[in-house]
Amino acid sequence: MTNELARQVVDQMMRNDRFSQWLGIEVLETGPGYSRIRMTLREEMLNGFGVVHGGIAFSLSDSAFAFACNNRNNLSMALDTSINFLKPLQPGDVLTAEAREVHNGRSTGLYIITVTNQEGTQVALFKGTCFRTGKPLVTPENSI
């Protein structure tokens with residue numbers, strides 16, 4: 001497994017992921033079982049209480065999770081996820097989500113995703129478990 005293949009898989013995922021594109025996600029780094037992504041929060045992401053909706057931090061974390069658990073070129077689907085919100089978020093905040101693999105099993109994987117703001121303060125903690133299907137995402141005919 002190489003960083004090149006991991007990047008190929010994530011690049012293909014991003015090309016097809018309209019939601020992550022809408023969020024404005026930028027892939028900063030990827031490697032086997034790892035990803036680091038970033039986005040800037042916008043006004044239309046505010047909830048009725050004047051802070052950014054928790055679903056936005058969840059979605060950023062979920063994308064980092066997806067990139068990390070799929071980039072070994074083994075189609076993986078979320079089995080279980082959870083998030084803890086540690087600080088309120090505001091438009092203009094720049095969030096970075098870093099996904100690290102804790103367990104890489106034959107049929108499951110476990111990941112911890114930390115979310116920090118532009119000041120390096122941790123604002124959320126996400127945990128995800130995935131199921132591995134054994135199907136490749138990138139094949140010779142659809143690789144870059």
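A: The side chain of Arg 132 reaches the backbone oxygen of Cys 69 at 2.9 Å. The model is predicted, so local features need pLDDT of at least 70 and side-chain atom pairs count only at pLDDT 80 or more, while totals for chains, interfaces and linings use all residues. Residues are numbered from 1 along each chain as its sequence is written, and side-chain values use heavy atoms, with hydrogens and water left out.

Arg 132 also makes a polar contact of 3.2 Å with the side chain of Ser 76. A polar contact is a pair of N or O atoms within 3.5 Å; within protein, one must be able to donate a hydrogen and the other to accept it, and residues adjacent in sequence count only if both atoms are side-chain atoms.

Arg 132 lies in strand β6, residues 122-132; strands are DSSP runs of E with at least two residues, numbered from the N terminus. Arg 132 counts as buried because its relative accessible area is 5%, the cut-off for buried being under 20% (1.4 Å probe, protein chains only).

Cys 69 is buried as well, at 2% relative accessibility. The structure has 0 disulfides, a disulfide being a pair of cysteine sulfur atoms within 2.5 Å. Cys 69 is in none; its nearest cysteine sulfur belongs to Cys 130, 3.9 Å away. Cys 130 is likewise in no disulfide, and its nearest cysteine sulfur is that of Cys 69. Cys 130 is buried, with a relative accessibility of 0%.

Definitions and conventions:
Helix = DSSP H or I, 4+ residues; strand = E, 2+ residues; numbered from the N terminus. Buried < 20%, exposed > 50% of the residue type's maximum accessible area, 1.4 Å probe, protein only.
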